[in-house]
Amino acid sequence: MKANATILSTALLLSSVVAHAEINTVNLTKKNPLSAAMKPAAFEGEASAPDLAPIQGDPDGGDGAADGCVKINSTGKGGVFGATLTLGTADSADKTIEISTHVFNVNTSYVKYSVQVYKVTDKRVLASSPMEVLDKKKVTEKTVKLQYKTTAEDKGDTLELRWVQHSTDSTARDLYVDNVKVTAK
Ligand SMILES: [Ca+2]
């Protein structure tokens, strides 16, 4: 009887979570919570998922220097890989999702990257930053800002943020994430 009551209350709890699913507000600046929220991913081709390492050594990036970051450490060559962050479920149309993430590169090697809002349900890129390069000889850091307005078609669909590493010809190319902020209104 007690076990049944527990199952019933768990089911009710789960259904209420689903009913109120929405895009999460996120403000991750320190290495451990940032690392816990990010997942390594192989996106395209014969890619190996990278290692995600919470480390020190970040620039100011809008949240102060040395507050920690996550290194998207390449472990294999080929394909397209990177990291994801679950944004949540689009519960209605006309919701504006605003993303800000500071990325950088301290390696001698360059890295080519983009940041995307991706619809997991339909396997589709909804918004993307330009593909850009972080290079010790030129630019080593950038605050990437992305905006996406949900449509009626997105209702009930799961969205994620993607940090995409495009220069996969050498494992020396790594992307570093200082922080990420997500709002939806
Ligand atoms: Ca920082």
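Me: Which residues does Phe104 touch, not counting residues up to four places away in sequence?

Reply: This is a predicted model. In it, Phe104 touches Asp58, Pro59, Leu134, Thr140, Glu141, Tyr176 and Asp178. Phe104 itself is found in strand 6, residues 96-104.

Me: Is Phe104 buried or exposed, and why?

Reply: Count the neighbours. A residue is buried if 20 or more other C-beta atoms lie within 10 Å of its own. Phe104 has 21 C-beta neighbours inside 10 Å, so Phe104 counts as buried.

Me: What separates the C-alpha atoms of Phe104 and Lys142?

Reply: A distance of 6.3 Å. Along the chain, Phe104 and Lys142 are 38 residues apart.

Me: What share of the contacts with a separation of 6 or more comes from residues 24 or more positions apart?

Reply: In this protein, 77% of them.

Me: Now the overall layout. How many helices and strands are there?

Reply: The protein has 2 helices and 12 strands. Along the sequence, the pattern reads α-β-α-β-β-β-β-β-β-β-β-β-β-β.

Me: What share of the residues counts as buried?

Reply: Of 185 residues, 30% count as buried.

Me: How should I read a nonpolar core?

Reply: Start with the general idea. In soluble globular proteins, nonpolar side chains tend to be buried together. Now this case. The largest nonpolar core has 33 residues. Ile97, Val103, Trp163, Leu175 and Val177 have the most contacts inside this core.

Me: Which elements give two or more residues to this core?

Reply: They are strand 1 (26-28), strand 4 (69-73), strand 5 (80-89), strand 6, strand 7 (111-119), strand 11 (158-165) and strand 12 (175-184). Strand 12 gives the most, with 6 residues.

Me: Take Trp163. Which residues does Trp163 touch, leaving out those up to four places away in sequence?

Reply: Trp163 touches Ile72, Gly82, Ala83, Val103, Tyr113, Val115, Leu175 and Val177.

Me: Next, backbone angles. What is phi of Ala66, and where is Ala66 found?

Reply: Phi of Ala66 is near 60°, a positive value in a residue other than glycine. Ala66 is found in the loop between strand 3 (51-55) and strand 4. Exposure follows from the count again. A residue with 12 or fewer such neighbours is exposed. Ala66 has 10 other C-beta atoms within 10 Å, so Ala66 is exposed.

Me: And Lys123: what is its phi, and in which loop is Lys123 found?

Reply: Phi of Lys123 is near 50°, a positive value in a residue other than glycine. Lys123 is found in the loop between strand 7 and strand 8 (124-128). With 7 C-beta neighbours inside 10 Å, Lys123 counts as exposed.

Methods. Residues numbered from 1 in each chain as written. Predicted model: local features only at pLDDT ≥ 70, side-chain atom pairs only at ≥ 80, totals over all residues. Helix = DSSP H or I, 4+ residues; strand = E, 2+ residues; numbered from the N terminus. Contact = placed C-beta atoms within 7 Å. Core = buried A, V, L, I, M, F, W, Y, C linked by C-beta atoms within 7 Å.
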